[in-house]
Each structure stands twice: as structure tokens, then as C-alpha cells.
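Hello,

Here is the structure I said I would pass on. My notes follow it.

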Amino acid sequence: MKASMAIQVLPTCEGGTKEVVRIVDEVIKVIQDSGLNYVVAPFETTVEGDSMDEILDLLKKCEAKVMEEGADSVLCYIKLNHGKESILGIDEKIGKYQ
């Protein structure tokens with residue numbers, strides 16, 4: 001694994017919190033369907049991949065899904081980590097706390 005991303009999507013839409021949660025759930029399905037290793041947490045979802053391109057392609061799909069689901073706009077807060085070789089993975093970072 002050479003790349004990881006923490007992503008938080010915040011849709012702006014009518015329908016209040018219930019609609020925001022529905023749209024975020026649809027984005028999480030996109031992440032699940034990607035086949036990449038991921039962990040859902042209260043504020044963001046962390047995803048691991050073999051390349052920065054793979055991670056950025058998923059980011060684009062997540063943003064597109066929010067808009068497809070009817071949001072007026074979306075804020076995407078991301079953190080990216082990329083290395084020439086391997087980088088610390090999810091299990092190495094938080095495994096001892098699980």
C-alpha cells in the first residue's frame with residue numbers, strides 16, 4: 001500500500017440531517033464497492049490503495065455520487081498520504097486500539 005486518504009463528505013441539501021446521512025451512506029457504498037481497504041469512523045472514512053491515482057479516482061467517484069444523489073453542493077475534506085514505498089496502514093496506526 002502506497003497511498004491513503006481520509007475523506008469526509010458534507011452534502012448541502014434540503015431535507016436536513018436525515019437526507020445528509022442518506023447521501024453519506026450512498027458514498028460509503030461507493031467506497032465499499034471500490035474493493036479498497038477502508039475504515040468508517042464518526043467524522044471521516046480512511047481508504048488505502050496502491051497508488052495516488054487509485055485514491056484520487058475514488059475521491060472523484062465519491063464527489064460525483066453526492067451530486068448524483070441530489071445535493072446542491074458538497075464539501076470534501078481530505079487528507080492524503082503517499083509514499084515511494086509503503087506507508088503506515090490503518091492496522092499499524094489504530095490496530096492496538098481496536
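**What was found**

The protein has three helices and four strands, where helices (H or I, at least four residues) and strands (E, at least two) are DSSP runs numbered from the N terminus. Their order along the sequence is β-α-β-β-α-β-α.

This is a predicted model, in which local features need pLDDT of at least 70 and side-chain atom pairs count only at pLDDT 80 or more, while totals for chains, interfaces and linings use all residues. Residues are numbered from 1 along each chain as its sequence is written, and side-chain values use heavy atoms, with hydrogens and water left out.

**Overall dimensions**

Along the principal axes, the C-alpha atoms occupy a box of roughly 45 × 30 × 20 Å.

Of the 98 residues, 33% count as buried. Buried means under 20% relative accessible area, exposed over 50%, and partly exposed in between (1.4 Å probe, protein chains only). Among contacts with a separation of 6 or more, 72% are between residues 24 or more positions apart; a contact means heavy atoms within 4.5 Å.

**Annotation**

UniProt lists residues 5-97 under "domain: Thiamine-binding protein", in an unreviewed entry. UniProt positions are in the numbering used here, feature names are shortened, and annotations may be inferred rather than shown by experiment. The end C-alpha atoms of that span are 20 Å apart, and the span is 43% helix and 29% strand.

**Cysteines**

There are zero disulfides, a disulfide being a pair of cysteine sulfur atoms within 2.5 Å. For C13 the closest cysteine sulfur is in C76, at 13 Å, so the two are too far apart for a bond. The sulfur of C62 also has C76 as its closest partner, at 7.6 Å, which is again too far. C13 is buried at 17% relative accessibility, and C62 is buried at 0%.

**E26**

E26 sits in helix α1 (residues 16-33). With a relative accessible area of 18%, E26 counts as buried. Leaving aside residues up to four places away in sequence, E26 touches K65 and E69.

Regards
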